[in-house]
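Trainee: I would like to learn how to read a structure that I have not seen before. Could we go through it together, feature by feature?

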Amino acid sequence: MAGIGIRLSRIFGKETIATNLLGFGYSAMVTIAPMFVIIGNVILMGNVLGYDSTSYARRGLFSGTLLYIFIFSLLSASPFNAVLSRYMSDVIYDEEYDDILPCYYTGLILNIILSCIIGIPFCIWEYLVGHVNLLFVFTGFCAYISLVLVFYSMLYLSICKDYSRISFYFLSGMVFAFLLSLLFVRVFKREIVYSMLLSLACGFFLTACLEMATVKHYFKKNSNRYKKVLSYFIKYWKLVVANFLYSLGLYIHNFVFWTGSLRMEVAHSFVYAPPYDLATCLAMFTNISSTIIFIARVEMHFHDRYKAYSEAVIGGRWADIKNTKKRMFRQLSAELLNLVRIQFIISVIIFILFVIILPRYGFSGLVMQIYPCLAAGYFILFLLYAEVIFLYYYNDLTGAVLATAVFCIVTFAGSLISMDYKDLWYGAGMAAGSFCGFTTAYYRLRWIEKHMDGHIFCNGVLFPDGKGAKPPGLVYKRKDLQDSSHRGVL
């Protein structure tokens with residue numbers, strides 16, 4: 001995470017209102033700008049092309065396709081991202097840059113295979129059972145795979161700290177998609193909904209191509225050591241589980257409500273719950289700034305304390321190790337508390353603005369009744385995310401799996417229970433799951449603090465494991481016993 005820390009420190013170091021706003025804007029650009037670019041482009045295309053004039057069924061088909069494209073492209077990438085990030089970090093630390101392309105190709109193939117395993121059966125169902133036009137189905141699948149490639153290549157550019165280039169590529173792809181949609185509708189007189197989907201697919205593909213070209217530009221040599229990459233999935237399988245459980249927990253409460261009374265079905269294929277899904281989106285936007293705050297503060301403050309402790313462990317005195325450890329955990333506690341305080345103020349302000357302003361634009365009724373509980377849940381969820389990142393810092397993969405598993409399971413069970421209560425409490429399952437996961441991760445961090453010395457110094461292996469005949473149990477035999485045994489024989 002040390003990529004943007006220097007630049008943020010320079011920006012915030014001047015301690016003026018203008019530089020604080022500049023630093024906040026820069027943090028937003030390198031973290032969440034791509035998502036807002038895509039959302040803004042879809043809204044802009046809809047307004048310019050007259051999306052509201054199309055039939056309700058076509059709008060539902062487009063919304064369902066776009067929703068499924070985003071959710072399942074993120075889920076299919078989640079088992080690989082954390083392990084590949086770990087592999088990339090180790091390779092860069094060892095300066096073995098020739099091993100990066102094997103990592104890129106291996107992860108790319110695995111990600112596409114898993115995405116096709118998920119996507120192809122659904123597309124077959126959509127065509128045969130839902131009777132959706134084959135061209136529309138194929139275009140949706142192409143958009144799905146293109147977005148998978150976009151999210152996958154983003155991982156490598158993020159590790160290379162090229163955040164601004166990522167935002168530029170997303171912007172270029174969405175500008176291209178918008179201009180292409182105008183060409184299809186205004187010039188070639190094609191149908192609006194299909195033109196929007198085809199344009200987005202082309203925009204995603206352009207973004208993916210730009211990202212892949214940049215990766216190939218950075219890393220030109222290939223060591224062809226592919227087995228080394230696969231061994232990481234075995235060695236760090238807990239990273240796969242933890243990252244997947246966290247990603248699944250983000251959407252599992254939506255999946256539960258897709259089966260309830262709010263369920264809407266389109267073409268016998270796409271199932272979703274519009275009021276609950278829209279309230280979820282608003283709740284996420286209410287607390288999304290916590291990601292920016294966390295990255296900025298960790299880059300600026302905690303990383304230096306963590307680095308100082310690591311250097312003390314490698315070559316410092318015992319007194320230095322103890323002092324740097326205390327400073328590091330004090331900084332960790334301070335970062336979590338500051339994140340809670342700052343994000344609470346921001347979330348309350350955004351919540352009040354949403355409650356006052358959104359009803360004037362049609363966001364009222366059931367959506368605004370579900371929204372408060374979900375907003376509280378996402379507030380805790382992003383705090384859980386910060387704690388999981390800290391667990392990754394200390395290589396406590398068991399704690400990360402435990403925290404994310406508690407979060408996912410409690411969210412699922414709580415959502416099943418909350419379905420039977422009033423709509424005001426529909427988001428209680430999400431809030432309960434986030435709180436339980438947050439509590440588990442918090443106590444795991446406390447456990448790490450108490451057992452840090454053992455965690456660092458007692459997890460190594462002095463002698464490597466091997467296979468062969470068992471050595472004899474006799475280690476040492478006294479010489480006087482040997483002499484007496486010889487005399488007895490004589």
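This is a predicted model: local features need pLDDT of at least 70, side-chain atom pairs count only at pLDDT 80 or more; totals for chains, interfaces and linings use all residues.

Trainee: How many helices and strands does the protein chain have?

Mentor: The protein chain has 18 helices and 2 strands, and of its 490 residues 47% count as buried.

Trainee: Is glutamate 211 buried or exposed?

Mentor: A residue is called buried when its relative accessible area is under 20%. Glutamate 211, which belongs to helix α8 (residues 192–218), has 0% relative accessibility and therefore counts as buried. Apart from neighbours within four places in sequence, its contacts are Leu149, Val150, Ser153, Met154, Leu157, Ile166, Tyr169 and Phe170.

Trainee: And what about isoleucine 345?

Mentor: The word exposed is kept for values over 50%, so isoleucine 345, at 53% relative accessibility, counts as exposed. Isoleucine 345 is found in helix α13 (residues 318–357), and it is part of a nonpolar surface patch whose members, including Phe344, Val348 and Tyr361, together have about 940 Å² of accessible area.

Trainee: What span should helix α5 have, and where is its kink centred?

Mentor: One compares an expected span with the distance between the end C-alpha atoms. At 1.5 Å a residue, the 29 residues of helix α5 (residues 100–128) should span 42 Å, and the ends are 42 Å apart, which agrees.

Definitions and conventions. Residues are numbered from 1 along each chain as its sequence is written. Side-chain values use heavy atoms; hydrogens and water are left out. Helices (H or I, at least four residues) and strands (E, at least two) are DSSP runs, numbered from the N terminus. Buried means under 20% relative accessible area, exposed over 50%, partly exposed in between (1.4 Å probe, protein chains only). Contact means heavy atoms within 4.5 Å. The expected span of a helix is 1.5 Å times one less than its number of residues. Patches are made of residues with over 30% relative accessible area and no salt bridge: like charges are joined within 9 Å, nonpolar side chains (Val, Leu, Ile, Met, Phe, Trp, Tyr) within 5 Å. Accessible areas come from the Shrake-Rupley method with a 1.4 Å probe; for residues, only the protein chains shown count as cover. A salt bridge is a side-chain nitrogen of Lys or Arg within 4 Å of a carboxyl oxygen of Asp or Glu.
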